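I opened my notebook for a first walk through this structure. Come along and look things up with me.

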Amino acid sequence: MKNITSIEDLRQLARRKVPTAFFDYTEAGSYSEETLRANRSDLNGIKFRQRVLVDVSARNLSTTILGEQVSLPLALGPVAMAGLQHGNGEILACHAAQAVGIPFTMSTLSICSIEDLAQAVERPFWFQLYVMKDRGFVRSLIERAAAAKCGALMLTVDLPVPGQRHCDIKNGLSVPPSLRIKNLINMASKPSWAASIVSSRRWTFGNLDGHVKGMAGLKSLGQWVGSQFDDKLSWKDVEWIKSIWPGKLIIKGILDVEDAKAAAEAGATALIVSNHGGRQLDGAPSSISMLPKVAEAVGSTTEVLFDGGVRSGQDILRALALGAKSCLIGRSYIYGLGAGGESGVLKAIEIMRKELDVSMALTGINRIDEIGTSVLSRERDVG
Ligand SMILES: Cc1cc2nc3c(=O)[nH]c(=O)nc-3n(C[C@H](O)[C@H](O)[C@H](O)COP(=O)(O)O)c2cc1C
């Protein structure tokens with residue numbers, strides 16, 4: 001990992017090590033990927049004010065997320081099937097996050113189960129919930145997350161129906177999965193990936209396996225999931241979830257001021273301004289373009305978190321300047337995971353930490369709570 005100096009380096013390494021079908025699954029956005037691209041290009045368009053001769057020797061990146069102390073304003077977001085990017089992917093990523101002192105979120109659609117992850121790590125992690133039509137199953141998932149002492153429940157609300165990613169269909173990574181011969185040959189050509197997957201002995205949806213009657217294995221559970229996303233999901237369900245879940249509730253997938261206000265009224269501890277990394281409504285605005293309005297509307301009562309396109313510490317600084325309390329990352333740490341397992345995830349976090357630290361210094365900032373619009377340049381990009 002010595003010559004890895006950026007998230008892009010991790011991405012290139014992951015591209016070589018992870019089978020194409022799974023790498024494409026990480027990379028892709030829905031449909032023509034307009035929103036995926038907007039997430040990155042709008043972040044890139046935000047410029048900083050370079051400040052000089054400010055004493056920045058007392059820099060400190062630590063802050064709080066949902067009242068918990070963290071070493072930097074960053075959390076690892078939920079990513080389905082992380083355990084197929086690298087064997088035991090969820091456990092390794094959670095280890096890395098906890099070693100650094102930031103939260104890790106387990107997806108409902110993880111390869112490892114809640115119980116297995118709770119046993120493998122030292123501290124509580126967050127659990128992300130997809131609400132399935134089978135509300136009995138949803139109730140049991142919430143109860144399992146509570147029994148595992150998860151620190152927060154993250155309710156994802158931007159997926160009442162799944163958006164389409166063209167490459168997943170072409171690669172047979174649809175629901176249910178039916179991988180093509182060319183994909184199987186490609187997998188066989190990735191020996192370190194194959195060894196990690198074989199030795200993990202986990203290759204199905206850990207949170208569903210054994211909990212859905214008559215279903216086992218990635219294919220039939222995948223089919224079940226595909227039929228279970230609930231297009232009736234509404235604010236009433238949030239009330240119901242709150243009546244079962246006693247802890248902190250994060251609502252993920254807010255991109256509109258009206259919805260942000262409704263989330264605050266529903267009693268969410270925090271919300272995440274997110275368009276699911278450009279994987280759901282194609283043509284939706286970038287997350288960063290919606291962040292200032294949402295933060296202004298509800299930031300004084302509800303903690304506003306941000307994700308979508310964060311690939312550097314500079315991007316974290318941009319989001320914080322525009323009103324986010326902290327950021328979440330998806331692809332950036334998944335590249336690290338594919339590139340080098342736990343040490344790859346650690347590398348991804350370390351790269352971003354250093355970039356944030358240097359960018360704070362060069363914008364004249366010592367502490368996270370000093371970051372505001374004053375770090376941003378009003379000059380527009382020329383050329
Ligand atoms: C491969 C992949 C799988 C994802 N799976 C989930 C999931 O299971 N649940 C969820 O709420 N969000 C999921 N997301 C969305 C991420 O949590 C996050 O919103 C998004 O990745 C942020 O954008 P970024 O990848 O540009 O950082 C997934 C994203 C990716 C890239």
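Before I start: when I write that residues are in contact, I mean that heavy atoms lie within 4.5 Å. I also note that this is a predicted model.

**Entry: R318**

I began with R318, which I found in helix 14, residues 313-321. Which residues does R318 contact, once its neighbours within four places in sequence are left aside? I listed L43, N44, I46 and F48.

I stayed with helix 14 and looked at D315. The side chains of D315 and R40 meet in a salt bridge, 3.0 Å from N to O. Why does this pair tie together parts that are 275 residues apart in sequence? Because R40 lies in helix 3 (residues 34-44), while D315 lies in helix 14. D315 is buried at 1% relative accessible area, and R40 is partly exposed at 24%.

**Entry: other salt bridges**

I counted salt bridges and got 16. I followed R367 to two partners. Its side chain meets that of D369 in a salt bridge of 3.0 Å, N to O, and that of E370 in a salt bridge of 3.4 Å, N to O. R367 is partly exposed, with a relative accessible area of 41%. D369 is exposed at 60%, and E370 is partly exposed at 30%. I also found a network of salt bridges that links E8, R11 and E27.

In what order do the eight strands of the open sheet run? I wrote down 3-10-9-8-7-6-5-4, with parallel pairing. Strand 3 and strand 4 are the edge strands, since each pairs on one side only. A reminder to myself: strands of a sheet pair through backbone hydrogen bonds, either parallel or antiparallel.

I looked at two of the pairings. Strand 4 (residues 105-106) and strand 5 are parallel over two bridges, and T105 has W126 in strand 5 as its bridge partner. Strand 8 (residues 270-273) and strand 9 (residues 303-306) are parallel over four bridges. There I found A270 opposite E303 in strand 9.

Then I checked where the side chains of strand 5 (residues 126-129) go. W126 and Q128 point one way, F127 and L129 point the other way, and all are buried.

I found Q164 in the loop between strand 6 (152-156) and helix 7 (166-170). Is Q164 buried, partly exposed or exposed? Its relative accessibility is 31%, and it counts as partly exposed. Its side chain makes a polar contact with the side chain of H166 at 3.1 Å. Not counting residues up to four places away in sequence, Q164 touches G29, S30, Y31 and I169.

From there I went to I181, 17 residues from Q164 along the chain; their C-alpha atoms are 22 Å apart. I181 lies in helix 8 (residues 181-188). With a relative accessible area of 62%, I181 is exposed. Together with L184 and I185, I181 forms a nonpolar patch on the surface, with about 320 Å² of accessible area.

**Entry: positive phi values**

I kept one general point in mind: most residues other than glycine have a negative phi. Where do positive values turn up here? L66 has a phi near 50 degrees and is not a glycine. I placed L66 in the loop between strand 1 (63-65) and strand 2 (68-70), and it is buried at 6% relative accessible area. M81, also not a glycine, has a positive phi of about 55 degrees. M81 is in the loop between strand 3 (74-76) and helix 4 (89-100), and its relative accessible area of 12% makes it buried.

At its start, a side-chain oxygen of D256 reaches to within 2.9 Å of the backbone nitrogen of E258. Just after helix 12, G267 takes a positive phi of about 90 degrees.

Note on methods
Residues numbered from 1 in each chain as written. Predicted model: local features only at pLDDT ≥ 70, side-chain atom pairs only at ≥ 80, totals over all residues. Heavy atoms only, no water. Patch = residues over 30% accessible without salt bridge, like charges linked within 9 Å, V, L, I, M, F, W, Y side chains within 5 Å. Areas by Shrake-Rupley, 256 points an atom, 1.4 Å probe, with all protein chains shown as cover. Salt bridge = Lys/Arg side-chain N within 4 Å of Asp/Glu carboxyl O. Buried < 20%, exposed > 50% of the residue type's maximum accessible area, 1.4 Å probe, protein only. Polar contact = N/O pair within 3.5 Å; in protein donor to acceptor, adjacent residues only side chain to side chain. Pairing = 2+ DSSP bridges.
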